[in-house]
Amino acid sequence: ETFPTLGYPFSLPRSHISTISGQDEGYYALIAVNYLMGRISDDFSQVASKLFGALDIGGSSTQIMFDPTVQYVKSNLRLRGRISDTEVEYLLEEDAEEGEEKANNPVNFGYVSRDRFYTHSFLSYGAERMRERLDALVVERSEGEERSSKDDGDIIHHPCYFKGYKTITDGQIVTGSGQADECFALLTDLIFGGDAKGCLKPMKPCKINGVKIPEIVGEFLGMSAYYYAIDCMRVFLVHTLNSEHKESLQSHEEIIQLENEWPQPSIDIIRAASNVFCSLPWEYLRDHLDGLHPVTPQRKLPHRCFDVSLVTSLLAAYGFNTKKRDITFALNIKDIDIEWTIGAFLEERMKLMQQQPVTFISNNVHPPSVTYTSDGSSTTTDGKENHLKVSYSLFGQTLLVVIAFIAACYAAFKFYKRKYAFSVQSKRKFSEIGLVP
């Protein structure tokens, strides 16, 4: 069955349309990130010593994906050699430097497969669903508490909305108080399904919805809403700091640190900056900052304080070290948007290659060095582009064999022709001098 009425210039069988799982989406995003970063090639071979993990937030779900292999190596080194953590880190760093040097040659570090990675998709932990759940929680906790009394009824204060922003939730008037720390606390309670005290331990977090996350290792790339939220905060704060409205800011130091560490700020710096960001008056954002950030449309503007707090609470809940700078926030790599669909395309192409044997040869495969500009875009500052050449299809390979056979026959014919000519000429010369060879 096809869909000719859609106007596509190609056949679209019904079997080609399906809904992918959250696990698949996470895996494809991981492949896309590492492919664009030059860590894996188009045939899924690993050409760098380490792979990036990936973090994604959608509207309904959120995904975390990474390669926990390094942690297993650490454990094995400790058990086998009974060596200290410092010595383990030294050996791993030494191995990584050697691996990256080899990667520039290049060296194939093996092929990546699904079972190697940890991927998990948390349904209902996406930005839209979490905001709906949080609004309900704020209204629920406000029952019995003292509220601000106004002529139009009681008002509930919401810490995750900008100061002065008003909305209606479950028939109740809700106004933003812009308190990022309190918003962070509410969200962590919501993530862990109860009191989150004792759960925010780096490397040893509590289970999230019954799911235990392995110890976080390696570098990560924050995509989609991770980038949208944090970059929006950065752009708004830096713009305000350099404008006549700088008096609206509670503090300046956090903004300067955030800008200096971009695009790899620590979680602690993001949290500190979020306190300044969320306290901005809603009227100022609406009147002066609307449209300033290219990926923050008007309908998303009121929710950016919540979005930033969701990012920090999720990262802390996953067990990230809040002081380390191991997450890069990016919209694109080499001017290509980071989308899970790239990974899906690569896998589907691999399946087709397996069905119809086609050999792809990668020449000059070098992992590029990506430089992120102030607007979140990225450029390649060194490394060579991958030049992919299709060698031969099955027909081409057969044709090559035939041509090679004909060439061999022709070479043999020329050889024996020359040998025969030499023999005739030799007999003639022998006859001229009266000898018989």
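1. Of the 437 residues in the protein chain, 43% count as buried, meaning under 20% relative accessible area with a 1.4 Å probe and protein chains only. This is a predicted model, in which local features need pLDDT of at least 70, side-chain atom pairs count only at pLDDT 80 or more, and totals for chains, interfaces and linings use all residues. Residues are numbered from 1 along each chain as its sequence is written, and side-chain values use heavy atoms, with hydrogens and water left out.

2. The protein chain has 12 helices and 15 strands (DSSP runs, H or I of at least four residues for helices, E of at least two for strands, numbered from the N terminus).

3. Ser313 lies in helix α10, residues 304-318. Ser313 counts as buried because its relative accessibility is 0%. Apart from neighbours within four places in sequence, Ser313 is in contact with Phe184, Leu187, Thr188 and Ile191; contact means heavy atoms within 4.5 Å.

4. Helix α4 (residues 127-142) and α10 have axes that come within 11 Å and cross at roughly 100°. The two helices are therefore roughly perpendicular (65 to 115 degrees). Axes here are lines fitted to C-alpha atoms over the stretch in contact, with angles from 0 to 180 degrees between N-to-C directions.

5. On the α4 side, Ala127, Met130, Arg131 and Leu134 meet Phe306, Asp307 and Leu310 of α10. The residues of this contact divide into five nonpolar, no polar and two charged (nonpolar: Ala, Val, Leu, Ile, Met, Phe, Trp, Tyr, Cys and Pro; charged: Asp, Glu, Lys and Arg; polar: the others, Gly among them).

Notes:
Buried < 20%, exposed > 50% of the residue type's maximum accessible area, 1.4 Å probe, protein only. Parallel < 35°, antiparallel > 145°, perpendicular 65-115°, else oblique.
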